[in-house]
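Subject: Structure for you to look at

Dear colleague,

Here is the structure I promised to pass on, with its sequence. Please open it beside this message, as my notes follow after it.

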Amino acid sequence: MTKATVEELYDVIIVGGGPAGLCAAMYAGRGMMRTLLIERGLPGGELLNTELIEDYPGFESILGRELAQRMTDHAKKFGATFVTDTVDYLQRRADGVFEVKTELGKTYVAPAVIVTAGGTPSKLEVPGEKEYAGKGVSYCAVCDGAFFRGEVLAVVGGGDAAVEEADYLTRYAVKVYIVHRRDEFRASPILQRRAFENPKIEVIWNQVVEEIEGEERGVRALLLRDTVTGDRSRLPVGGVFVFIGFKPNTGIIRGHVDHDAAGYLITDSQMRTSIPGLFAAGDLRQQLTRQITTAVGDATTAAIAVEKYLAERKETREAAGVGRT
Ligand code: NAP
């Protein structure tokens with residue numbers, strides 16, 4: 001086993017630098033904990049995929065990348081250390097300390113870890129999707145719906161998210177098509193009923209999206225293929241919301257940790273997972289919604305719970321006459 005150097009030893013390691021990770025780093029740093037945040041790309045997470053944010057209190061309207069920069073600066077101001085690296089896995093040793101192994105071959109250790117690695121919306125992987133992401137292609141109705149006031153929209157998918165978010169989008173859009181690849185939804189009956197009763201929603205069954213067509217200003221239409229007849233058609237829309245699943249990034253955790261059927265981590269009210277010392281905050285946690293505000297709320301709780309956990313651990317270890325970590 002690699003012997004960790006003093007530089008690699010922290011009080012808390014935060015895995016993932018989206019809003020939850022950045023907020024946890026700010027609180028942990030401010031709480032005088034030796035804090036390390038590991039993020040594989042630029043800090044900001046999903047903020048960097050969002051053009052404009054209009055639902056973060058205190059900022060009527062702010063660019064996603066600007067909010068990401070402000071949160072990063074804020075966390076650094078309180079002393080959190082940032083490294084750019086990808087976590088391969090983390091595991092808890094018998095002495096209760098976590099080893100966090102990275103792609104660059106580093107091992108970081110700490111008695112507490114907050115996982116804020118978020119999740120990834122599944123993509124259609126069709127032409128136009130990447131080109132028009134943020135310009136009419138969206139994966140978050142609550143974040144982007146208000147930009148489509150008066151438009152005709154399409155939602156792709158047939159699960160809870162698609163059906164529920166289509167209903168939500170009708171408060172802005174004049175019409176919302178739900179484009180689904182089969183002839184029945186997998187969404188729960190109550191959500192289906194709500195959608196069927198909504199006069200602004202029209203369901204287009206048995207169709208897959210083959211291409212998202214656009215122009216400089218954004219999305220213009222979907223090119224569809226009928227899964228039964230093979231016929232192709234063009235559906236003019238001003239935007240498309242893709243809800244074909246969301247994968248929480250929890251694969252890095254070695255050992256069993258409680259999660260739900262979709263893979264979201266189950267925590268208690270202090271953001272504690274089923275592994276002692278392992279906390280979770282943000283999109284990868286099982287909860288009602290996935291918003292910037294809920295992510296930072298989770299992270300605040302997690303950082304404060306970590307402080308309490310470390311104090312209790314220190315007391316127990318001092319009573320037993322063992323060392324600092
Ligand atoms: P989901 O339940 O996995 O549904 C994904 C939907 O997308 C399915 O209808 C699937 O079609 C379709 N799909 C998958 N890949 C596709 C592709 N390449 N092209 C076209 N369609 C595709 O995902 P979700 O709706 O995001 O929900 C994820 C989890 O969160 C679920 O457990 C859900 O219950 C939960 N959730 C709950 C609520 C709520 O209770 N209010 C809200 C949101 C999410 P098929 O049906 O043909 O497979």
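This is a predicted model: local features need pLDDT of at least 70, side-chain atom pairs count only at pLDDT 80 or more; totals for chains, interfaces and linings use all residues.

The core

The largest nonpolar core holds 35 residues, and the members that touch the most others in it are Met71, Ile114 and Val306. Two or more residues come to this core from each of strand E1 (12-15), helix H1 (19-30), helix H2 (64-77), strand E9 (112-115) and helix H6 (292-320), and of these H6 is the greatest contributor, with nine residues. If you centre the view on Ile114 and set aside its neighbours within four places in sequence, you will find it in contact with Val12, Ile13, Ile14 and Val15, with Ala24, with Phe279 and Ala281, and with Ala302, Ala303 and Val306. Apart from this core there is another, made of 22 residues, including Tyr10, Ala110, Ile252 and Ile253.

The ligand

Around the ligand there are 14 residues, the closest being Asp160, Ala161, Arg181, Arg182 and Arg186; by class, this shell consists of four nonpolar, five polar and five charged residues. A polar side-chain atom of Arg186 is 2.6 Å from an oxygen atom of the ligand, a polar backbone atom of Gly158 lies 3.0 Å from a ligand oxygen atom, and an N or O atom in the side chain of Glu164 is 3.0 Å from a nitrogen atom of the ligand. On its own the ligand has 920 Å² of accessible area, of which the protein covers 69%.

Helix H4

Helix H4 spans residues 160-169, and its buried residues are Ala162, Val163, Glu165, Ala166, Tyr168 and Leu169. The cover over these buried residues includes helix H3 (141-144) and helix H5 (189-197), together with strands E12 (152-156), E13 (175-179), E14 (201-204) and E18 (239-242).

Tyr89

Lastly, Tyr89 belongs to strand E6, residues 87-92. Tyr89 and Glu99 are ten residues apart along the chain, and their C-alpha atoms are separated by 8.4 Å. Leaving aside neighbours within four places in sequence, Tyr89 is in contact with Glu99, Val100 and Lys101, and also with Ile252 and Arg254; Ile252 is one of the residues of the 22-residue core described above.

With best wishes

How values were computed:
Residues are numbered from 1 along each chain as its sequence is written. Side-chain values use heavy atoms; hydrogens and water are left out. A nonpolar core is a set of buried Ala, Val, Leu, Ile, Met, Phe, Trp, Tyr and Cys residues joined through side-chain atoms within 4.5 Å. Buried means under 20% relative accessible area, exposed over 50%, partly exposed in between (1.4 Å probe, protein chains only). Helices (H or I, at least four residues) and strands (E, at least two) are DSSP runs, numbered from the N terminus. Contact means heavy atoms within 4.5 Å. A residue is near a molecule or strand if one of its heavy atoms lies within 4 Å of it. A polar contact is a pair of N or O atoms within 3.5 Å; within protein, one must be able to donate a hydrogen and the other to accept it, and residues adjacent in sequence count only if both atoms are side-chain atoms. Accessible areas come from the Shrake-Rupley method with a 1.4 Å probe; for residues, only the protein chains shown count as cover. Ala, Val, Leu, Ile, Met, Phe, Trp, Tyr, Cys and Pro count as nonpolar, Asp, Glu, Lys and Arg as charged, and the others, Gly among them, as polar.
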